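Open the model in your viewer and keep the sequence panel beside it.

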Amino acid sequence: MSNMALSCSSLCSHLSLIRLCGLRTNIINNGVYSSYMSCQPRLTLCRYYSSSKARRGVGRYVATKLQKANSKYEAFLKKRFPRFFQLYHTFVEGFKLLYQDAKAVWRIKAKMSTSGVQYKDLPYREMEMLRQFRRDMIKAIPLVVISIPPFANYLVFVLMYFFPRQLLIPHFWTPSQQVEFKGVYHSFRAQHHWPVLKGLENSSHQIKDRQLQGRLRDLCTKIQNGVNPKVSEILAVRSLFSGHPLGVKRMSTQQMRHISPLLFLTPRLPGFVVGQRLNSHGLELLQLDRALSRLGPNQLSEAELRQACYVRGLNSTRMDINQCREWLSQWLQMSSSLKESEVSLLLHSIVLLSANYPKGSSRH
């Protein structure tokens, strides 16, 4: 502090001398005024210099004290309430991840706005982040609304503790919950495998082309018998999924309601709304596949690879990483051949390609 005071005093003295030299003609006539003016810059500069340093020092002191207090609090929770500490730690880390994702999404949106980049031209990771962040926020909004009334945050905390799967987004799940909850959601999705296949069989009666009709029936029979179909067998019936009876805008409402849960969409909406949502999410998935093909699936980390398989219908949480890589390769081989008018086949492939992979049947 003494060095700081000396340097400040020296600086102010030099400035005062310059000020006095500049006002030498006024010193004789108005000595009192000149003396006051020469002291004024010194007082102002010294006050600014010392106060800004003091504010920074106080800020560092407060931050250090808060960090120490937080460390003691976490140590106390970890020792006395280990289960609550795990929940507390998960929440803290979850908010950090959510904040990082929000900043990343803001940067992507800003790039799209300023550079005129369209969604379909984004890199795979940016496209996937926008898709997942939007879904997470849709799930988080009801919880935020519930917590608005005074003292409601206590009730929300209790609900979040007892119903983490229903109320929390994956940012706030523990690693074990990540595996458990994804398994639960996939079991809900797998319940619709059999109805989707039965819907395809029923639709085959409306096909006039006998050859295509036979191929579709054979495909359904193979999957129902626990056989994994080849990509070529799926693509052999692709023309049926661009118009009547299996196009995304032409299929029956009942079939659309069975497909919606495959994408974690609610089927409890009017038929035309369900169809619009399926078309929108199907096109989004097709664009995501094209971006992934440009990147190359070998560029994905293990977590990204498992997530990519899970989004497309495979329960990858307990599966070997090589199996995930093989399955995703088959999916992209099929997806890269499709046009936007054939997006219905992409949606049905969530069942066709994943129902029996790597082995077993999807009958529930």
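How many helices and how many strands does the secondary structure of the protein chain come to? The count is 16 helices and 0 strands. Helices (H or I, at least four residues) and strands (E, at least two) are DSSP runs, numbered from the N terminus.

This is a predicted model: local features need pLDDT of at least 70, side-chain atom pairs count only at pLDDT 80 or more, and totals for chains, interfaces and linings use all residues. Residues are numbered from 1 along each chain as its sequence is written, and side-chain values use heavy atoms, with hydrogens and water left out.

**Whole chain**

Show the surface. Its accessible area is about 21,600 Å², and 59% of that belongs to carbon and sulfur atoms. Accessible areas come from the Shrake-Rupley method with a 1.4 Å probe; for residues, only the protein chains shown count as cover. Of the 364 residues, 39% are buried. Buried means under 20% relative accessible area, exposed over 50%, and partly exposed in between (1.4 Å probe, protein chains only). Now consider contacts (heavy atoms within 4.5 Å). Among those between residues at least 6 apart in sequence, 62% join residues at least 24 apart.

**Stop 1**

Select S203, in helix α9 (residues 193–204). Is S203 buried or exposed? S203 is buried, because its relative accessible area is 9%. A polar atom of its side chain lies 2.9 Å from the backbone oxygen of G199. Leaving aside neighbours within four places in sequence, S203 contacts P245 and L246.

Step across to P245. This proline sits in the loop between α11 (231–235) and α12 (253–259). The peptide bond joining H244 and P245 is cis, with omega about 10°.

**Stop 2: backbone exceptions**

Most residues other than glycine have a negative phi, and most peptide bonds are trans. Select F264, in the loop between α12 and α13 (271–295). F264 is not a glycine, yet its phi is positive, at about 60°. With a relative accessible area of 35%, F264 is partly exposed.

Go on to P358, in the segment after α16 (343–352). A cis peptide bond runs from Y357 to P358, with omega near -5°.

**Stop 3: α5 against α14**

Two packed helices are described by the angle between their axes and the distance between the axes. Colour α5 (residues 124–146) and α14 (residues 302–311); they pack at about 55°, with axes 13 Å apart. Axes are lines fitted to C-alpha atoms, for helices over the stretch in contact, and angles run from 0 to 180 degrees between N-to-C directions. The two helices are therefore oblique to each other. Under 35 degrees counts as roughly parallel, over 145 as roughly antiparallel, 65 to 115 as roughly perpendicular, and the rest as oblique.

Show side chains at the meeting point. Y124, R125, E128, R131 and Q132 in α5 meet E304, Q307, A308 and V311 in α14.

Stay in α14 and pick R306. R306 counts as buried because its relative accessibility is 19%. Not counting residues up to four places away in sequence, R306 touches S316, T317, M319, D320, I321 and C324.

**Stop 4: α15 against α16**

Finish with α15 (residues 321–335) and α16, which pack at about 155° with axes 11 Å apart. That makes α15 roughly antiparallel to α16. Which residues meet here? W331, M334 and S335 in α15 meet L346, S349 and I350 in α16.

Conventions: A polar contact is a pair of N or O atoms within 3.5 Å; within protein, one must be able to donate a hydrogen and the other to accept it, and residues adjacent in sequence count only if both atoms are side-chain atoms.
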